[in-house]
Amino acid sequence: MPLPTYDYRRTSTTTPDKLTAGIDAFVESIAGRVRRRQSVLTTLVEEAQEIDRMAPDWTHVSDRVLRDRLAEYQRIFRRNRHGWETCRGQAVAAIREAAERQLGLRPYVVQLLGTLVLHKGYLAEMATGEGKTLVAGLAAVLAGWTKRPCHIITVNDYLAQRDAEWLKPLYDFCGVSVGFITGQSKPAERFTAHDQDITYTTSKEIVADFLRDRLHMGTIHDPPRRHIRSLLQGQARNSHGLVMRGLDTAIVDEADSVLIDEAVTPLIISRQQENNDLKDSTTIANRIAEKLKKDRDYKVVLRYKEIEITDSGHAIIDALCEQLPGIWRGPNRREELITQALTAREFFHEGKQYVIQDDHVVIVDESTGRIMPQRTWRQGLHQAIEAKENLEISNPSETLARLSFQRFFRLFRRLSGMTGTAHEAASEFWHIYRLPVIKIPTNRPSQRRQLDNRIFADQDSKRDAIAEEIVKLHNQGLPILVGTRNVTASELLAAKLRERGLEPALLNAVHHQEEAQIIAQAGLKNRITIATNMAGRGTDIKLEKGIAERGGLQVILTERHESYRIDRQFYGRCARQGDPGCVQTFISVDDELINRFIPKVIRENLAVCVTKRYPGYRQEAVVALKLAQRIARRVAYRQRSQVLKMDTWIDEALSFTGSTSV
Amino acid sequence: MAESTAYSESWYRIANQRISLRTQVHAKRQYFRGEKWFVLEDPFNNQYFRLRPEAYDFVARLRSNRTVQEVWDESLERHPDDAPGQEDVIRILAQLYHANLLHFDVAADSAKLFERYKKRKRKELTSKLLGIMFARFPLYDPDDLLKRILPFVKPFLGKIGAVIWILTILAAGKVAIENFDALKIRTDAVLAPGNLFLLYTGLVFIKTIHEIGHALVCRKFGGEVHVMGVMLLVFTPLPYVDATSSWSFRSRWERVYVAAAGMIFEVFVAACATFVWAYTAPGAIHSLAYNMIFIASVSTVLFNLNPLLRFDGYYILSDLLDMPNLHTRSKQQMVHMTEHYAFGCKKSTSPADTPTEATALAFFGVASGIYRIIVFAGIILFVADKFLLAGLIMAAICVFSWVLTPMTRLVRYLAASPKLERTRSRAVAVTVGVVVILILFLNHFPFPSHFRAPGVIEAIEHPFTVAEVSGYLAEITVPADQYVVHGQKLAIVENKELEFNIKNVQAQYREAQLSLSRSLNNNSVDLASTKSRIEAIGKQLHYLLAQKQALTITANQTGVWTAPKLDEYLGMWIPRGTAIGQIINESEFHFSATVSQEEASRLFDSKIQGAEVRLRGQAAHFLPVTAFQIIPAEQDILPSAALGWSGGGEVETDLADPSGLRTASTYFKVKASVLNGEDIAMFHGRSGKIRFDLPTEPLLHQWYRKLRQLLLKRYQI
């Protein structure tokens with residue numbers, strides 16, 4: 001029988017703290033530094049070692065006694081009884097023993113440390129291959145015991161299912177139930193899965209479920225108001241038909257990807273809507289835009305991805321629109337449409353931001369390199385790109401509900417997460433999500449060699465040098481993983497290597513069917529793999545026997561990303577779990593990153609220095625790169641916090657609509 | 001918040017809402033600078049909202065039986081280009097919602113409502129605290145009363161009233177001009193402590209009339225007046241009424257009339273007071289009437305009519321120029337100019353529609369800013385003089401609200417304003433640069449430094465003409481203010497007693513002479529004593545005769561015979577030694593200056609580069625100073641009463657001293673020799689100021705010293 005509070009809790013969320021600004025933000029950032037100070041880690045390391053020392057107490061205990069003891073701990077955690085903190089060490093030690101018996105894996109001390117870090121609500125930075133799945137599993141047991149909803153957010157459907165199934169024996173043994181949700185799950189399955197103590201799912205699915213529930217609830221989301229209304233209107237169960245049972249604890253895997261890179265990508269529940277006006281006007285706008293010349297009729301602001309129409313542009317538009325009807329009469333609307341068409345032309349390129357599959361524009365996610373078939377750009381832009389590519393223009397979708405990951409994950413009472421790369425964004429994690437970042441040491445010391453950046457004056461010489469390097473390494477029989485930024489770049493490089501008689505495997509948004517196979521073979525001898533960021537996250541490249549002794553996987557990054565975190569993710573593909581590995585980066589002065597964020601004066605100077613090989617050119621280039629990434633990070637952060645502020649403002653301003661998306 | 005675009009990602013939030021304006025909301029059309037606007041008015045809570053016609057066209061179509069989406073589609077169809085975009089619609093609806101003008105079906109998010117309420121309360125409190133110098137306490141709803149009075153006074157608010165008003169003002173003006181000297185003389189005493197009560201009574205009376213004026217005229221045009229109360233203007237309780245309903249009047253002349261009504265009524269009352277003042281004998285009524293005249297003229301010009309403060313004049317100007325929200329928009333214009341030109345923020349838009357308007361706004365912004373600072377500094381100094389603590393508190397509030405708050409706002413704006421996203425570094429650089437340059441300039445660039453001291457012109461020779469012998473002034477041979485030569489007979493004093501004495505002594509002398517002859521004849525032994533007696537009597541006689549000579553007062557030098565009280569003395573007994581006048585030699589003058597102790601140190605310390613004297617009434621001309629001499633001793637008697645407070649001068653004098661010559665604190669005297677100016681009438685006792693030029697010194701140092709002197713002098717800090 002559901003408890004009286006059951007209905008209440010399944011729709012209640014915490015009210016996120018207001019974003020601070022000015023001096024408040026400064027004080028808050030100091031608080032954040034205090035929360036993630038080094039001594040926290042030291043204390044936790046001691047606690048983990050303490051737990052490790054308890055191991056002998058448990059090794060000889062029988063399964064039945066272990067199960068009873070676990071049940072006892074569960075009761076303590078469930079009732080939130082006084083003193084549960086003191087028995088946490090014991091409990092973790094018991095779970096560890098259970099894990100060893102059920103999964104055959106004995107969690108290392110650093111994994112215990114990770115468990116504690118997650119349970120305390122921190123963001124754990126753990127290197128790749130350190131067993132994050134198990135860490136999340138151990139922490140989930142502690143959370144699951146409380147019977148409050150606990151969600152583990154994985155990167156994709158496959159991992160959600162795999163992890164849930166793999167850890168099920170441990171959960172069963174510890175007395176917690178587990179479920180998982182993938183894109184294919186039916187509503188009934190979703191309901192059941194959310195009803196379990198622990199639910200594995202992806203960020204997309206959980207936000208979609210949340211939004212659907214909100215739509216289902218109608219205009220009133222606030223639990224007290226909903227209850228008062230149901231009392232007054234005599235509805236027995238107002239939560240009927242809802243899928244979720246509330247938000248409480250979340251453990252987010254690859255937290256930086258979900259909480260930062262994807263943060264402002266809103267999840268939208270929408271329906272297609274016939275809109276012929278928009279289709280026509282997009283086509284016309286594209287036709288007019290084709291008559292405009294870059295730099296004469298409009299200017300391109302690279303850094304902010306904006307178009308500015310010049311006076312001569314205005315004149316041309318005025319002339320062209322004279323004969324057109326309706327919305328083309330007045331200046332505002334038509335310039336908006338034309339600017340959009342120009343934006344589509346200047347900033348969106350096939351093979352970079354999107355690919356065309358079956359006559360449809362399909363978005364390629366820039367940070368993960370994967371295609372996102374369901375996603376569309378904001379209203380009008382998607383159509384403008386279709387017009388540019390001469391495809392059939394699709395119907396714009398009408399938004400029914402919309403929520404960004406950023407706002408969603410702020411609603412959890414206890415948020416924690418794991419990722420390989422977090423400390424670059426530590427202040428943002430703290431500022432937006434109140435997540436202090438803690439870096440967890442690796443189990444075995446890393447053997448990754450990082451070679452100096454190689455710097456070139458232009459793309460051609462860079463590509464040649466990359467090809468030579470690949471040939472050189474290939475001749476040594478080592479496996480090579482080459483990282484490119486987009487589909488086009490990966491294909492260009494592959495063609496270049498084929499000219500030299502090599503046979504590289506290509507992994508990108510277009511060629512992604514054989515992903516698992518390509519990754520499985522990437523660690524083999526003599527293997528060359530060219531990949532976009534798709535290979536950057538969650539891929540586990542195992543080395544063929546004997547490769548480790550000869551130097552391990554060789555990672556070559558052909559271009560730096562806007563965020564150093566993504567670079568590091570890619571580096572993390574080699575030298576896992578104490579294996580050796582080598583990383584080198586090739587940089588050209590006309591790389592997009594430098595083009596976009598470094599002022600022209602410095603850029604030109606840098607180009608001269610690099611061409612002439614002046615002493616210190618390398619240092620200058622490295623400084624420029626750091627600066628560019630720094631500016632890029634700031635621009636991106638500003639945009640994200642701007643989106644959050646704007647959302648908050650809209651929420652407040654439109655509070656009369658009742659349908660606050662949160 | 002956002003760029004105005006046709007589509008908004010948040011549109012779905014309102015697309016299916018059924019929203020309308022509240023039923024009680026009225027819309028009125030108004031023209032500002034020839035442009036059409038719509039003003040929405042909620043009479044229940046006195047909320048106003050100004051909309052562009054395009055926006056109004058959309059808002060007016062909202063009905064509770066149609067969705068926002070339908071209304072938007074329709075308005076898009078009607079005005080494909082002008083119709084507000086989705087972002088605009090969201091913004092307009094949000095603003096209307098915040099102004100409580102919207103009616104909607106769905107119960108609002110109550111948590112958010114409470115949050116908003118709390119925020120508003122907090123804002124009200126802070127604005128009350130910050131505006132403590134203008135705190136308002138509503139007391140009474142005069143609407144009913146006004147409605148009842150109105151029929152009786154209505155005729156007088158029209159043309160008949162105007163005729164009566166003009167005639168009265170003309171008549172009063174005539175009376176005032178006839179008595180102008182008397183009017184002018186008394187102004188000095190208005191702020192005297194003894195008059196403050198009367199002044200305040202007059203102020204309350206006049207201001208009550210003033211406010212009633214606003215209320216009546218507002219009511220005449222149908223505006224409702226619901227609030228009347230007391231405003232603490234700089235801690236002085238004064239009446240006020242809320243006539244804001246006039247803002248929605250369609251005709252701007254009506255709005256101007258309402259705003260001007262206060263002053264019209266006030267001036268009328270002042271005109272009546274002029275008659276009362278002119279035809280009554282000195283007394284309480286007479287003084288009160290005088291005070292009322294004073295208030296109606298001075299306060300009207302300085303405050304009410306002055307558009308630079310936000311009183312009546314501001315609203316009148318605002319309406320005459322057809323530029324509503326002049327104040328706010330002038331601020332916006334200045335922000336825009338800074339952003340656009342200094343910070344290179346291209347997206348900043350001017351609130352002005354035309355270049356003329358932009359200029360007007362900028363000009364107004366600068367002028368009102370400077371004027372406010374002057375007025376408030378004056379008020380603070382004035383209050384601080386009377387009540388030190390209150391003055392300090394006010395100064396603290398002012399520093400907080402005009403220095404600290406804008407500075408933190410500036411820092412926050414520079415650090416976090418989304419408008420500066422693109423040009424933040426330039427904005428910060430420009431601001432820091434300006435501040436640094438300003439500080440460097442003030443701290444290093446030498447400016448001429450000088451200080452002034454009041455003083456009077458004194459003729460170098462001006463011996464007093466003293467009655468050497470007591471007596472009645474019998475005859476004036478030369479009237480005063482005439483040029484006389486040395487030795488010229490000026491006046492004759494009569495002393496009968498002296499005549500008698502002389503006769504007596506002459507008789508004695510004769511007797512003694514006879515006595516001597518007798519003694520010679522008799523070979524008497526007392527010959528020697530008789531001789532000495534004769535000698536003594538002779539001396540006495542000689543003395544008396546000399547005194548008799550002195551009864552005729554002669555000019556002791558050549559010059560102008562100055563004796564202001566001579567006529568009064570005629571026929572009166574003049575004790576010996578009375579100065580009945582002086583003879584002034586006008587060929588050479590010096591300037592006798594009084595330098596306060598605060599400035600004296602600079603007088604002694606630094607090298608004075610030069611000095612010049614300017615005389616009152618002829619400040620355009622100056623007298624070069626050839627040499628000066630500092631008399632190194634503190635003095636406390638002024639060379640002329642004209643320099644002291646009681647004589648209208650600026651040196652603080654001891655109020656207990658009836659002569660008005662004794663200063664409250666000691667000073668140093670400087671005697672400066674001046675050259676005769678050609679255009680300047682030099683005469684003895686003319687007051688003026690001497691300016692000492694000191695070595696150049698940066699302004700910041702000069703200001704710092706002045707502040708220190710001020711504090712030291714006023715508060716001994």
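Trainee: In which hand does H4(A) pass H5(A)?

Mentor: The crossing of H4(A) and H5(A) is left-handed. Please keep in mind that this is a predicted model.

Trainee: What are the angle and the axis distance for that pair?

Mentor: Helix H4, residues 63-79 of chain A, packs on helix H5, residues 88-103 of chain A, at about 140 degrees. Their axes are 10 Å apart.

Trainee: Why is the pair called oblique?

Mentor: Angles over 145 degrees count as roughly antiparallel and those from 65 to 115 as roughly perpendicular. The angle here is about 140 degrees, and H4(A) and H5(A) are therefore oblique to each other.

Trainee: Which residues make the contact?

Mentor: H4(A) contributes A:Asp63, A:Leu66, A:Arg69, A:Leu70 and A:Tyr73. From H5(A) come A:Ala91, A:Ala94, A:Glu97, A:Ala98 and A:Arg101.

Trainee: Let us turn to sheets. What is the strand order in the open sheet of 7 strands?

Mentor: The order in chain A is S3-S4-S2-S5-S13-S1-S14, and the pairing is parallel. Strand S3 (178-180) and strand S14 (437-439) of chain A are the edge strands, each pairing on one side only. From one strand to the next, the twist averages 20 degrees.

Trainee: How many bridges join S1 and S13 of chain A?

Mentor: Strand S1 (residues 123-125) and strand S13 (residues 414-419) of chain A are paired in the parallel sense over 3 bridges. Within this pairing, A:Glu125 stands opposite A:Thr419 of S13(A).

Trainee: Which strands does helix H6 of chain A lie across?

Mentor: Helix H6 (residues 109-119) of chain A lies across S1, S5 (249-253), S13 and S14 of chain A. Its direction is at about 150 degrees to S1(A). Helix H8 (residues 157-174) of chain A also packs on the sheet, where it touches S2 (150-154), S3 and S4 (198-202) of chain A. The direction of H8 makes about 170 degrees with that of S3(A).

Trainee: And what is the pairing in the open sheet of 3 strands?

Mentor: That sheet has the order S9-S10-S11 in chain A, with antiparallel pairing. Strands S9 (354-357) and S11 (371-372) of chain A each have a single partner strand, so one side of each is left without a neighbour in the sheet. Strand S10 (residues 360-364) of chain A pairs with S11(A) over 2 bridges, and A:Val364 has A:Ile371 as its bridge partner.

Trainee: A change of topic: which residues touch the most other members of the largest nonpolar core?

Mentor: They are A:Leu259 and A:Phe429, in a core of 90 residues. Helix H7 (residues 132-145) of chain A supplies the largest share of this core, namely 10 residues. There is also a second, separate core of 75 residues, which includes A:Ile371, A:Ala384, A:Leu493 and A:Ile528.

Trainee: What is A:Phe429 in contact with, leaving aside neighbours within four places in sequence?

Mentor: Its contacts are A:Leu123, A:Leu259, A:Ala422, A:Leu435 and A:Val437. A:Phe429 is also one of the buried residues of H18(A), among them A:Trp430 and A:Ile432.

Trainee: How many residues of H18 of chain A are buried?

Mentor: Helix H18 (residues 426-433) of chain A is mostly covered, with 6 of its 8 residues buried. Just after H18(A), A:Arg434 takes a positive phi of about 60 degrees.

Trainee: Now chain B. Is B:Phe268 buried or exposed?

Mentor: B:Phe268 counts as buried, because 20 C-beta neighbours lie inside 10 Å. Its place is in helix H10 (residues 252-278) of chain B. Apart from neighbours within four places in sequence, B:Phe268 is in contact with B:Trp165 and B:Thr168. B:Phe268 and B:Trp165 are 103 residues apart in sequence, yet 6.5 Å apart in space, C-alpha to C-alpha.

Trainee: Finally, how many helices and strands are there in chain A, and what are the counts for chain B?

Mentor: Chain A has 26 helices and 21 strands, and chain B has 21 helices and 22 strands. Of the 662 residues of chain A, 46% count as buried, while the figure is 26% of the 717 residues in chain B.

Definitions and conventions. Residues are numbered from 1 along each chain as its sequence is written. Chains are lettered from A and ligands numbered from 1 in the order in which they are written. This is a predicted model: local features need pLDDT of at least 70, side-chain atom pairs count only at pLDDT 80 or more; totals for chains, interfaces and linings use all residues. Helices (H or I, at least four residues) and strands (E, at least two) are DSSP runs, numbered from the N terminus. A residue is buried if 20 or more other C-beta atoms lie within 10 Å of its own, exposed if 12 or fewer, and partly exposed in between; C-beta atoms are placed from the backbone. Two residues are in contact if their C-beta atoms, placed from the backbone, lie within 7 Å. A nonpolar core is a set of buried Ala, Val, Leu, Ile, Met, Phe, Trp, Tyr and Cys residues joined through C-beta atoms within 7 Å. Two strands pair if DSSP finds at least two bridges between them. Axes are lines fitted to C-alpha atoms, for helices over the stretch in contact, and angles run from 0 to 180 degrees between N-to-C directions. Angles under 35 degrees count as roughly parallel, over 145 as roughly antiparallel, 65 to 115 as roughly perpendicular and the rest as oblique. A crossing is left-handed if the near helix is turned anticlockwise from the far one by less than a right angle, and right-handed if clockwise.
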